[in-house]
Amino acid sequence: MSLPYHPKLIPSAKKLRKEATAQENHLWYDFLRSYPVRFQRQKTIDRFIVDFYCHAAKLVVEIDGIQHYTEQGIAHDEERTNILLGYGLTVIRFSNQEINMDFSRVCQKIHQAVQEKLKV
């Protein structure tokens, strides 16, 4: 099943790939890029651009900066997550601090999520 997306978001997704945060780059270059199950960066789904997406596992991985912890950011993330869940996707979130301070645990949690989803 192909997920819907807005073609107008493609240039923004490309720009976000080029201007990735340090944490996004760390997760991509030091783990997800060479992960045995394919992940995509800055994937357009519906009207959103998700940080990382694994089609085989139907898994979205989001890296949250400080803007995600405001009242408005929390509400936006909740709406976004509910829409993504409606497509049968699983969304897992990590803070920038988790990437910086406990990278191996983040990688382990992503690996666990992929393995659980692929068992089904």
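Which element gives the largest share of the lining of the largest cavity? I took this to the model, which is predicted.

**Entry 1: the cavity.** I found one cavity of 30 Å³ or more. The largest cavity holds about 30 Å³ of space. Its lining is made up of Arg-17, Ala-20, Glu-24, Asn-25, Trp-28, Arg-41, Gln-42, Asp-51 and Phe-52. I then sorted this lining by element. Helix 2 (22-30), strand 1 and strand 2 each give two or more residues. Helix 2 answers my opening question: its share is the largest, with three residues. By class, I get four charged, three nonpolar and two polar residues in the lining.

**Entry 2: strand 1 with strand 2.** Next I followed the strands. Strand 1 (residues 40-45) runs antiparallel to strand 2, and five bridges join them.

**Entry 3: strand 2 with strand 3.** I moved on to strand 3 (residues 59-64). Strand 3 pairs with strand 2 over three bridges, again in the antiparallel sense. Phe-52, which I had noted in the cavity lining, stands opposite Val-61 in strand 3. Here too I see a hairpin, with four residues between strands 2 and 3. Lys-58 in this turn has a positive phi of about 50°.

Notes
Residues are numbered from 1 along each chain as its sequence is written. This is a predicted model: local features need pLDDT of at least 70, side-chain atom pairs count only at pLDDT 80 or more; totals for chains, interfaces and linings use all residues. Side-chain values use heavy atoms; hydrogens and water are left out. Two strands pair if DSSP finds at least two bridges between them. On a 1 Å grid over the protein atoms alone, a cavity is a set of points where a 1.4 Å probe fits but cannot get out, and a pocket is an open set with protein on both sides within 12 Å along at least five of seven lines; lining residues have an atom within 4 Å of a point. Grid points are joined across faces, edges and corners, and a volume is the space filled by probe spheres set on the points. Ala, Val, Leu, Ile, Met, Phe, Trp, Tyr, Cys and Pro count as nonpolar, Asp, Glu, Lys and Arg as charged, and the others, Gly among them, as polar.
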